[in-house]
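Thanks, everyone. Please look at the model on the screen, and I'll walk through it.

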Amino acid sequence: EYKIENKWGFNDFFKQELRLSKEITFHEGSKIFGFNSNSNLGQITFPVRQILPCYYNIFTFLKKSTCLVPAAIDQDPYFRLARDKAKIFNCSKPSTIYSGFLPSLKNLGKMSSTVDLTIFLDDKMDDIANKIKKHAFSGGRETLAEHRKLGGLPEKDTAFQYLRYFLDDDKKLSEIEQEYRKGILSSKDMKGHCIEELQRFIGDFQKRRAQVDQEIIDKFMSCDKSFY
């Protein structure tokens, strides 16, 4: 459970940041991240801040432990570097578990920022339903009769791909996949399942976010320890 007072739990983050920075040369960073003479200082210093929390002993409230980093595959270079530098802090090397990108509604790579083609965490429930119905790429056939005969292609169906992320019940997910492949479930049915899960997930998030008032925000953002 996250406790807001633990935001003060860094063992002098800035000193640890300097310590790690001294151990990574510009040449090494350039090989990994592609830095060149046009790279700005923000780009060059960011990797250190990205990987520093992988080391448990920069936190005052953690005992000896190993860090598990959940991330998308594009973050791999950072945490390979983190593993290489773990000896600096006398830590075990962090481990990683990588996930794929949530696809765009049109199934053209990862989700974009285009309003109609993106599900936002502050979307209204009706907007979520409309976006899925109108824009989610279907793995179904040209006609319902053909779909019943040949079945759908869940691997090409955006609604099913979203269910792989948001539906926690693996048994139900497998049943949906098999029924879609057999043509028992239509594309409309698949989108209905997707809408239900997205509305549940985002609705729960919106309820939790509504509980965050200005006092909590002020505490989190304050640099004044007297708050605690």
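Start with Tyr78: buried, at 15% relative accessibility. Buried means under 20% relative accessible area, exposed means over 50%, and partly exposed is in between, with a 1.4 Å probe and protein chains only. A word on the source: this is a predicted model, where local features need pLDDT of at least 70, side-chain atom pairs count only at pLDDT 80 or more, and totals for chains, interfaces and linings use all residues. Residues are numbered from 1 along each chain as its sequence is written, and side-chain values use heavy atoms, with hydrogens and water left out.

Back to Tyr78. What is its aromatic partner in the edge-to-face pair? Phe46, at 5.9 Å centre to centre, with 90° between the planes. Rings of Phe, Tyr and Trp (its six-membered ring) pair if their centres lie within 6.5 Å; planes under 30 degrees apart are stacked, over 60 edge-to-face, the rest tilted. Phe46 sits in helix H3, residues 41–51, and Tyr78 in helix H4, residues 76–84, so the pair ties together parts 32 residues apart in sequence. Helices here are DSSP runs of H or I, at least four residues; strands are runs of E, at least two; numbering starts from the N terminus. Phe46 is partly exposed, at 39% relative accessibility.

Next pair: Tyr55 and Phe89. Their ring centres are 4.7 Å apart and their planes at 25°, so this pair is stacked. Tyr55 lies in the loop between H3 and strand S1 (68–72), and Phe89 in the loop between H4 and strand S2 (95–99), so parts 34 residues apart in sequence are tied together. Buried or exposed? Tyr55 is buried, at 0% relative accessibility. Phe89 is buried too, at 3%.

The count comes to 6 aromatic pairs. Ring pairs also link Phe26, Phe33, Phe35, Phe46 and Tyr78 into a cluster.

Now His147. This residue is in helix H6, residues 144–150. His147 is buried, with a relative accessible area of 3%. A polar atom of its side chain lies 2.7 Å from the backbone oxygen of Leu185. Leaving aside neighbours within four places in sequence, His147 is in contact (heavy atoms within 4.5 Å) with residues including Gly140, Tyr180, Leu185 and Ser187.

Last, the whole protein. There are 10 helices and 2 strands. Along the sequence, the pattern reads α-α-α-β-α-β-α-α-α-α-α-α. Of the 228 residues, 33% are buried. Among contacts with a separation of 6 or more, 66% come from residues 24 or more positions apart.

Methods:
Polar contact = N/O pair within 3.5 Å; in protein donor to acceptor, adjacent residues only side chain to side chain.
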